[in-house]
Amino acid sequence: MFHSLDRMDWLCTISNAFQNYSTTSTQIRIVLRFAPELKPYRIHPVHVASLACLIESFASRGFSVNVDRNSLLGEYFFTELNFREYWAGGKNFVEAKEDSIFNLWRLKDCEKEIVPIRVCEYFKRGLFKRKDLATVQLSLDEAFYNVFDHAEANGNAFLFLRFNEERGVLSIAVCDFGRGIPSTVKAYLPGIDSDVDALKLAIQDSFTVKSQGHNKGFGLGNIRDAGVEGDSMWIVSNEASLVTLKGSVRGMHNEFFFPGTAIFYDLTLKSFEDEEIIDNFEITI
């Protein structure tokens, strides 16, 4: 049962559910239930992307997973976001019914360069016409390289975006159930014992664990730099969390173990400049 939309509480519930069934080998039926007071308009993309990773982890082991629709949030996941199509229908992307949402996209290695472009094209057709979304694409590029170069998620990774028109904020989440950033960093630098220290190191400019020849580093600092002063970025991975806000970086020890990495952040619309339109002209000789 999910009782709270506080993001850390939600991720704790996700982690506990994953751990509770991690050693189960028999096929079982799991029903995901949500407290009736949880409202869909209050969800952040990290709620959706992390829930998708949990469902994928269950489905990949042959468990039967059902969403209880006797709540506003359960009905929202089923009807508005078409969750059933991803697992019963075997689809990697299904359009949502709201223009302000870029629905779940199951991330594949072969599409890591295509998806950021598709996301920008989607929003530029509607809410962000003639806006320069280069910062959005750059931040997604960096988040995806983290998933595919370091996570070893074996296909369990999802993207979700939602635009809040009233606040003028685009919220983004990329979540995977892979190794986790601290595990990767500590394997490369055995002298680091703390997951918090590993996360802080991972967002430093040009840091790399040299996991892929083409990769220059995690690039997570570039996600932070894409926003304006009031925009926040969170990373939750293994036993650590890190939040950046107004130029500050704060690391915290989790009271739970997150089985992978959740990166979620906000980008304010005013940071998106208008595209420069170059008029055509004719040269006469």
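This is a predicted model: local features need pLDDT of at least 70, side-chain atom pairs count only at pLDDT 80 or more; totals for chains, interfaces and linings use all residues.
**Aromatic rings, a pocket and a cavity**

Phe2, Trp10, Phe34, Tyr76, Phe77, Phe83, Tyr86, Trp87 and Phe158 come together in one aromatic cluster.

Now widen the view to ring pairs. The count comes to 21 aromatic pairs. One of them joins Phe128 and Phe163. A pair of aromatic rings is described by two things, the distance of the centres and the angle of the planes. For Phe128 and Phe163, the ring centres lie 4.8 Å apart and the planes stand at 75°. Planes over 60 degrees apart count as edge-to-face, so the rings of Phe128 and Phe163 form an edge-to-face pair.

Where do Phe128 and Phe163 sit in the chain? Phe128 is in the loop between α5 (115-124) and α6 (134-151). Phe163 belongs to strand β4.

Are Phe128 and Phe163 buried or exposed? The cut-off for buried is under 20% relative accessible area. Phe128 has 1%, so Phe128 is buried. Phe163 has 7%, so Phe163 is buried too.

Stay with strand β4, and turn to the open spaces. The largest pocket has a volume of about 350 Å³. Its lining has 17 residues. Closest to the pocket centre are Tyr41, Ile43, Arg162, Asn164 and Arg167. Which element gives the most to this lining? Strand β4 (residues 157-164) does, with three residues. By class, the pocket lining holds seven charged residues, six nonpolar and four polar.

How many cavities of 30 Å³ or more does a search of the whole structure find? The search finds one. The largest cavity holds about 30 Å³ of space. Asn146, His150, Ala151, Asp176, Gly180, Ile181, Thr184 and Thr261 line this cavity. Two elements, α6 and α7 (181-188), each give two or more residues to the lining. Helix α6 gives the most, with three residues. The cavity lining divides into five polar, two nonpolar and one charged.

How values were computed:
Residues are numbered from 1 along each chain as its sequence is written. Side-chain values use heavy atoms; hydrogens and water are left out. On a 1 Å grid over the protein atoms alone, a cavity is a set of points where a 1.4 Å probe fits but cannot get out, and a pocket is an open set with protein on both sides within 12 Å along at least five of seven lines; lining residues have an atom within 4 Å of a point. Grid points are joined across faces, edges and corners, and a volume is the space filled by probe spheres set on the points. Helices (H or I, at least four residues) and strands (E, at least two) are DSSP runs, numbered from the N terminus. Ala, Val, Leu, Ile, Met, Phe, Trp, Tyr, Cys and Pro count as nonpolar, Asp, Glu, Lys and Arg as charged, and the others, Gly among them, as polar. Rings of Phe, Tyr and Trp (its six-membered ring) pair if their centres lie within 6.5 Å; planes under 30 degrees apart count as stacked, over 60 as edge-to-face and the rest as tilted. Buried means under 20% relative accessible area, exposed over 50%, partly exposed in between (1.4 Å probe, protein chains only).
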